[in-house]
Amino acid sequence: MTPPVVFSPEPRTIARSNLTAFSRFCEEATGRSLPDYRSLFAFSIAESARFWELFLRWAAPYVEGEAVPACVGTECETAQFFPNLRLSYPENLLRPRRPEDDARPAITALDEAGHRVSLTRAELRARVRRLAQALETLGVGEGDRVVAMARNTATSIVACLATTSLGAIWSSTAPDFGTEATLSRFQQLEPKLLFAHPWYPYHGVRRAITDRITEVAKALPSLERIVLLEPIPEDVPPPGVGVEAVDHLIAAANPIPPEAPWRRFGFNHPLFILFSSGTTGVPKCIVHGAGGTLLEHLKEHRLHSDLGQEDRLYFHTSCGWMMWNWLLSALASGTEIVLYDGSVSYPEPDSLLKALAREEVTVFGTSAAYLQYCKDAGLAPRETAPMPRLRAIQSTGSILWDSQYDWILENLKADVAIQSISGGTDIIGCFVLGNPVLPVYRGESQCVSLGLDVQAMTPSGPTRTGTGELVCLNPFPSRPIGLFGDPGGTRFHEAYFAQNPGMWTHGDFVQLTERGTARILGRSDGTLNVRGVRIGPAEIYQIVLGIPGVLEAMAVEQIAPREPGGSRLVLLAVLAPGTTLDRPLTLRIKRELSQRASSNHVPAVVAQVSSLPTTHSGKRSERAARDVLNGKPVVNLGALRNPECLEEIRIHPALQVDGVQA
Amino acid sequence: MTTSDVRRTVVDWLDDNYHFGDAERLIGSDDRSFLENGILDSLGFVKLILYLEDTYKIKIDRNQLSPRNFDSLGLIVRYVTGHRDYRGVA
C-alpha cells in the first residue's frame, strides 16, 4: 500500500533546484530527454561513467589534469575513477568561488555553555594554512597518519584540513571513547601525530581526559608529537612525547598569501580513515580517497540536499562518526556549517533546538533517537523554537519510524521536507537520500542516490523493486580505496564482496518500491545499531570475556519500540559452572564496558543463558539469536547444532519487550 | 510499596543505566541536585520518567516537570508517591 504523501515541493522550488539545473545540463550535453528524476536516475546508472564525468563538469571542483577516462574498469571492487586528475580536498572547501565569499561565515561553532565562534572563509583558510605550515615543520607529510581525539569544534576542522592539505591522512574519534576503543583503532595506523582536546563538556561539567591522552600516547610508539586543541593544562605532557598547543602553532607560523597554490594529490590519494567494528577482530580501518569523498559529497549536498551559498547546515554528529566528515564537505558547496559541542539538552531540554532556531539553520540533520527524545520529553519546538527558514530535516543513524514523521510535522514544522538518509562509514556517504524535486512519503527515503545501482538481493537475484540485502552493482567513486594494513585486499574483499561476488554488500536490509523510494529495514549482519550508533560486538566481547566468570557472550539488537532509536542492546552471557548472574556481576559488566569502551557499548539487559546459538562449523550465530528475540522466523535453523538454546532465549523473562511478539 | 521502595527503584535504575554500582555514592544525600552534580542529564530524566510511568502506571505531565520538583532523589520519590494515581507497583 502506498503511504501518504506528507510533503510536496513547490513547483518553483523544483524549478530553481540544483537537481533541475543539472538535469538540463545533462540534457544539453547528451541530447537526451531527462524530464524527471526517474529518467535522470536511469541515465546515471545506464551510463555511470558518463554521469560522473558530467557531474564533475557541472560541479566544477578545483582540479587539474584530464577528466578522461572517468572510470577505469567495470567491477565495483576494483574500478578506479579519474586516474588522471589531481586535486586538494581542503582547497575545494576553502577557496572562494567569488571574491565576496571570503567575507561570509563558513563555520559557526556553538557549545552547551552558550559560546559562539564564527569564522569567515578567509579566516578559516588562513588558520588552516598557517597550521599546515607548522605541521610540516613538525615533520608531517604525504601519507602520514594524523589521529585525533577531538570535540566537534571549529579548531578540530582547522586541524583536519591542515593535515589533509599536506597529503597526510586524518582519522578521528570522539573524546568520550574509552582508552581501549581508541587504541584498537589508532594502534593499527601507526600515527605520527595526535591532536587532542584535553576535556569535553557534558551537562555543564568539564570532563578531563588528560589521563586517557597519556595512556593512548604511551601505547603509540610511532607517535612523535601531541598537539592539544586547547591551552595546555598542567597535568600534561605525557613523558617522552613533545606537546604543543594548536593556538601557539598557528600564531607562530607565517601568514600565507590567499593566492598561494595548494598542493594537489591524485584523485585516489587517501584522505580519511574511518573505523567500522564487526563481530570479530579489531575494527576495520577504512581508507577513503580525496576525490571520491569530495565528488560523492558534492553530489549528495548539491543535488540531493539542494545545498548552496544561502544555506546553513547543521548535522548532529561527533568527530567519531562519518557524518562529521560529510558535514565538513558541505563547505565545498559554499554552505555555512553549524557545529554544536556538548549536551543537546543542557541547560534546557530543548537547548539545541533553540540554538538552531537562533542560528536560522535551513537544513537540520539529526537522528531518530534525538527525535524520540524530543517526543518523550514533551518538547514543542514549533512554539518554543520556531524555525521559519528551515526547509529540510535529515535523519540518519537508525530507522526513522512512520510515527516520527507525524511528530515532526505536528510539533516541529508543518511544511518541511523530511529526508531519511542512509549509507554509512563504509562508503562515507549514502545509498538512499532526500530529493528536492520529489514528494516525501511517510516512512520512506525519497530516492536512491544518483549514480549508484542499488538493488535488493532476493533469493532469485538482485532487483530494483523488492526487499532484500542492500547491494550495489556498479562502481562508485566513494567506494573505499581499501582497508589500512590490508595491502592484498583480502580483508576488504571479505568484508564487502565475498558474499555476493561482483557486488558491494552493505549489511542492511532494504525495501525498494516501484515509486523509486526506499525503506531501510535494519542490519542484515551481526553489527548492532543502538540509539543510532553502530557498535561492533567484537569490542564488547573483548572486554566482557576478560571478566572472571564469563565464558561466552553474544551481543544482539532487540527491537524495543519505547527505547530511543527503537531498539536496545542485549547481552547474552554463558557463565562458568557455579556462577550466577547476580546484581554485582551485572553491574560490573556494564561498568567495564562503559569505562573501557563507551556508554554506547553498555547493554540495556544482561541475560544468563546456558548456551549460545552455534552452527555445526562452530560459528556463533548472532542472527539466529536476533531473529528469535525479535519474534522472527529463524532462517537456516538446520545449520545450528544447538537449536534448543533458542527457546531458552525466547522465553527468558529479562528479554521480554512490550510490543514485540516473541 | 513504601517511600523507601520507590527510592530503591530509582537508585537501582540509576545503577542499571548510568552509574553501574556507584549511584548511592554519587547521590550522597537525597536533596542533592541530579543535574548540577552530573547524576542525571536531561536525556536521562526523560528515560527515568518513562520508566517510572511504566513501573507505577502513572502519567507524568511534562509541563509540570522542573528542577524544582524533580531534580533530586527526595523530590522524585515525593513526586511519585504523591501522584494521584500512585498505587505502588501494579
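At roughly what angle do the axes of helix 8 and helix 9 of chain A cross?

**Entry 1: conventions.** I note that this is a predicted model, in which local features need pLDDT of at least 70, side-chain atom pairs count only at pLDDT 80 or more, and totals for chains, interfaces and linings use all residues. Residues are numbered from 1 along each chain as its sequence is written, while chains are lettered from A and ligands numbered from 1 in the order in which they are written.

**Entry 2: helices 8 and 9.** I looked up helix 8 (residues 179-189) and helix 9 (residues 210-218) of chain A, whose axes come within 10 Å and cross at roughly 35°. Helices (H or I, at least four residues) and strands (E, at least two) are DSSP runs, numbered from the N terminus. Axes are lines fitted to C-alpha atoms, for helices over the stretch in contact, with angles from 0 to 180 degrees between N-to-C directions. The crossing of helix 8 of chain A past helix 9 of chain A is right-handed (the near helix is turned clockwise from the far one by less than a right angle). From helix 8 of chain A, Thr179(A), Thr182(A), Leu183(A) and Phe186(A) meet Arg212(A), Glu215(A) and Val216(A) of helix 9 of chain A; contact requires C-beta atoms, placed from the backbone, within 7 Å. I sorted the residues of this contact into 3 nonpolar, 2 polar and 2 charged. Here Ala, Val, Leu, Ile, Met, Phe, Trp, Tyr, Cys and Pro count as nonpolar, Asp, Glu, Lys and Arg as charged, and the others, Gly among them, as polar.

**Entry 3: two sheets of chain A.** I traced an open sheet of 5 strands in the order 28-27-29-31-32 (chain A), with antiparallel pairing; strands pair if DSSP finds at least two bridges between them. Strand 28 (461-463) and strand 32 (518-523) of chain A each have a single partner strand, so one side of each lacks a neighbour in the sheet. Neighbouring strands of this sheet are turned by 45° against each other on average, direction ignored. Strand 27 (residues 454-458) of chain A is joined to strand 28 of chain A by 3 bridges, and Ala456(A) has Thr463(A) in strand 28 of chain A as its bridge partner.

I then followed an open sheet of 3 strands, ordered 2-5-15 (chain A) and antiparallel in its pairing. At its edges stand strand 2 (63-65) and strand 15 (265-266) of chain A. Strand 2 and strand 5 (residues 85-87) of chain A pair over 3 bridges, and Gly65(A) has Leu85(A) in strand 5 of chain A as its bridge partner.

**Entry 4: the core.** Which residues touch the most other members of the largest nonpolar core? I found Leu131(A), Leu313(A), Leu571(A) and Leu572(A), in a core of 224 residues. A nonpolar core is a set of buried Ala, Val, Leu, Ile, Met, Phe, Trp, Tyr and Cys residues joined through C-beta atoms within 7 Å; buried means 20 or more other C-beta atoms within 10 Å, exposed 12 or fewer, and partly exposed in between, with C-beta atoms placed from the backbone. Helix 7 (residues 154-165) of chain A gives this core its largest share, 7 residues. Beyond four places in sequence, the contacts of Leu313(A) include Leu307(A), Ile337(A) and Val363(A).

**Entry 5: two single residues.** I found Pro653(A) in the segment after helix 21 (645-651) of chain A. Pro653(A) is exposed because 6 other C-beta atoms lie within 10 Å. Ala29(A), in helix 2 (residues 18-30) of chain A, is partly exposed because it has 13 C-beta neighbours inside 10 Å.

Terms used:
Two residues are in contact if their C-beta atoms, placed from the backbone, lie within 7 Å.
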